[in-house]
Amino acid sequence: MRLVLGGSAVLVAALFGCRPSEPPPTPPPPPPPGGFTLLFLGRSPAASLGGLSWAPDPEHGRLVAFDRELRVARRITSPRFATPLAVTRLGRTELLVTERTGEGVVVDTTGGGRVVREWESPDVASLYAAGGGRLVATRSPYYVPQLSAPERDAAPLIRMLDTLGRPTGRGLGTIRRPATPLLDYVVNAGAVAVGPDGAVYYAPLVRDEIWKYAPGGQVSWTTKRGLFPSEPDPEFLPAKGRDLRLNKALVNVALALGPPLPPPPGGRLYALGSDDSAATRLRVDVLDAATGVIIATRHLGPRETAVAVDASGALAAFDADSLVASADGAAPGAREAFAPAFALPDLAGDTVTLAGFQGKVTLVNFWASWCDPCREEFPHMAALYREFDGKDFEIAAVSDDVDAGKMLTFVRNYRPPFPILVGGGRMKQVYHYRGLPYSVLLDRRGRVIERIFGFGGAEEFRKLRQTIANEVRAP
């Protein structure tokens with residue numbers, strides 16, 4: 001898992017699961033007549049728009065669109081996508097993407113997939129869903145603080161937002177108060193989906209419940225799976241060193257509403273949940289959206305990490321890694337130009353431009369002296385720089401320090417062999433990245449090969465080294 005800078009919260013890693021070391025899966029079966037609509041990719045909900053199923057690919061910081069045969073049809077990358085974890089339809093051409101740290105990012109799928117707006121999370125981290133002209137936010141189940149300040153008793157469970165991501169002051173339900181108020185966030189984080197009529201479906205992360213709120217706000221139904229004989233609130237376990245530990249069961253992971261089905265009428269709600277308290281074994285429950293009755297349950301195998309539904313409503317499960325594999329290594333003609341082009345001073349005060357790197361594979365790295373992962377990354381970049389001939393490969397390391405003295409101290413300590421450029425604290429506003437370090441690998445024509453968010457250690461640099469070697473050999 002890549003290291004991405006965040007606040008004082010910790011990621012619920014179990015929701016991403018562990019990939020077992022098994023033989024590669026067999027190719028998926030041919031699609032049935034009418035094809036598939038993707039519901040979940042990994043632990044994330046997908047969204048249907050423009051005849052495609054759109055899903056976040058958090059490991060590569062991008063959105064991926066699948067056609068009805070579950071072949072990759074499009075992908076969208078942006079520095080604003082560090083770790084996208086959920087996507088929901090917002091209007092006729094737009095998607096609303098939930099970032100791991102709770103920012104909402106709205107992207108227009110037409111043209112190049114440009115980001116049209118974004119906003120900060122109303123909670124420590126929020127999860128967003130939209131439908132029927134309604135936009136809502138819950139406390140994210142993907143990024144959960146072990147401790148949080150107690151919330152007011154009447155705080156809404158689900159926040160209502162306008163289309164700019166601003167809370168409207170209205171909400172649905174009220175939070176559940178645990179025995180330990182510091183665990184308010186853990187208890188009230190949960191998955192959410194919104195129907196085309198504006199009905200809201202909510203499933204708490206650590207409790208065996210699913211709720212439906214009618215468009216008017218009243219509770220329509222509540223459903224339980226009967227997973228546990230009793231459900232005590234999460235509680236603290238004895239600490240191990242400085243690590244806080246909680247006794248909690250991870251129950252609900254994600255919700256998705258399926259496409260319209262043939263008669264008899266009635267929508268379907270799909271709940272991705274856990275068969276065990278650690279969310280290592282997953283299940284999908286199919287609910288009648290009108291009544292909350294569980295119609296069917298499918299227990300997923302270790303490699304069944306993507307779930308789709310066909311035109312008849314039958315579920316199908318696939319290996320998510322296999323589905324997204326065809327999105328890797330896009331043809332050079334599909335690459336986007338790195339923009340905006342920079343013209344920045346180096347440490348000697350001479351201006352260095354992006355155009356000056358034309359003809360070389362170039363790693364543009366953004367860093368700062370106060371960034372701990374940047375310190376870990378610099379020795380790896382120095383080793384990488386020395387491995388390739390300077391006529392084929394270059395690194396441009398752009399400091400985003402405001403304090404020039406601290407930047408120079410950092411450089412004196414690490415003595416990088418590659419050029420250091422001075423961004424003067426303005427780079428985040430220009431390139432819109434989420435956190436540092438952030439790198440972009442460019443081909444010889446200045447086009448983006450891949451974006452790298454955070455520092456992924458030696459394994460990440462092993463893969464990067466191979467990508468650079470392949471690109472250097474390319475005609």
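**View 1. A salt bridge joins the side chains of E387 and R465, with 2.8 Å from N to O.** A salt bridge here is a side-chain nitrogen of Lys or Arg within 4 Å of a carboxyl oxygen of Asp or Glu. The two partners sit in distant parts of the chain: E387 is in helix 3 and R465 is in helix 6 (residues 457–473), 78 residues apart. Helices (H or I, at least four residues) and strands (E, at least two) are DSSP runs, numbered from the N terminus. Elsewhere, salt bridges that share partners tie D208, R225, D275, R283 and D285 into one network.

A quick note before the next views: this is a predicted model, where local features need pLDDT of at least 70 and side-chain atom pairs count only at pLDDT 80 or more, while totals for chains, interfaces and linings use all residues. Residues are numbered from 1 along each chain as its sequence is written, and side-chain values use heavy atoms, with hydrogens and water left out.

**View 2. R451 and E336 meet through their side chains in a salt bridge (3.4 Å, N to O).** R451 is buried at 14% relative accessibility, whereas E336 is partly exposed at 33%.

**View 3. R159 and D123 make a salt bridge of 2.8 Å, N to O.** Where do the two residues sit? R159 is in strand 15, and D123 is in the loop between strand 11 (115–119) and strand 12 (126–131), 36 residues apart. R159 is buried, with a relative accessible area of 17%. D123 is buried too, at 11%.

**View 4. C371 and C374 form a disulfide.** A disulfide is a pair of cysteine sulfur atoms within 2.5 Å, and the sulfurs of C371 and C374 are 2.4 Å apart. How many disulfides does the structure hold? The answer is 1. The link of C371 and C374 is right-handed, with 85° about the S-S bond. C371 is buried at 1% relative accessible area, and C374 is buried at 0%.

**View 5. The rings of Y385 and F418 form an edge-to-face pair.** Rings of Phe, Tyr and Trp (its six-membered ring) pair if their centres lie within 6.5 Å; planes under 30 degrees apart count as stacked, over 60 as edge-to-face and the rest as tilted. For Y385 and F418, the centres are 5.9 Å apart and the planes are at 70°, so the pair is edge-to-face. Y385 lies in helix 3 (residues 372–387), and F418 lies in the loop between helix 4 (404–414) and strand 33 (420–422), 33 residues apart. F418 is buried, at 4% relative accessibility. A search of the whole structure turns up 20 aromatic pairs.

**View 6. One aromatic cluster brings together F338, F366, Y431, Y433, Y438 and F453.**

Key:
Buried < 20%, exposed > 50% of the residue type's maximum accessible area, 1.4 Å probe, protein only.
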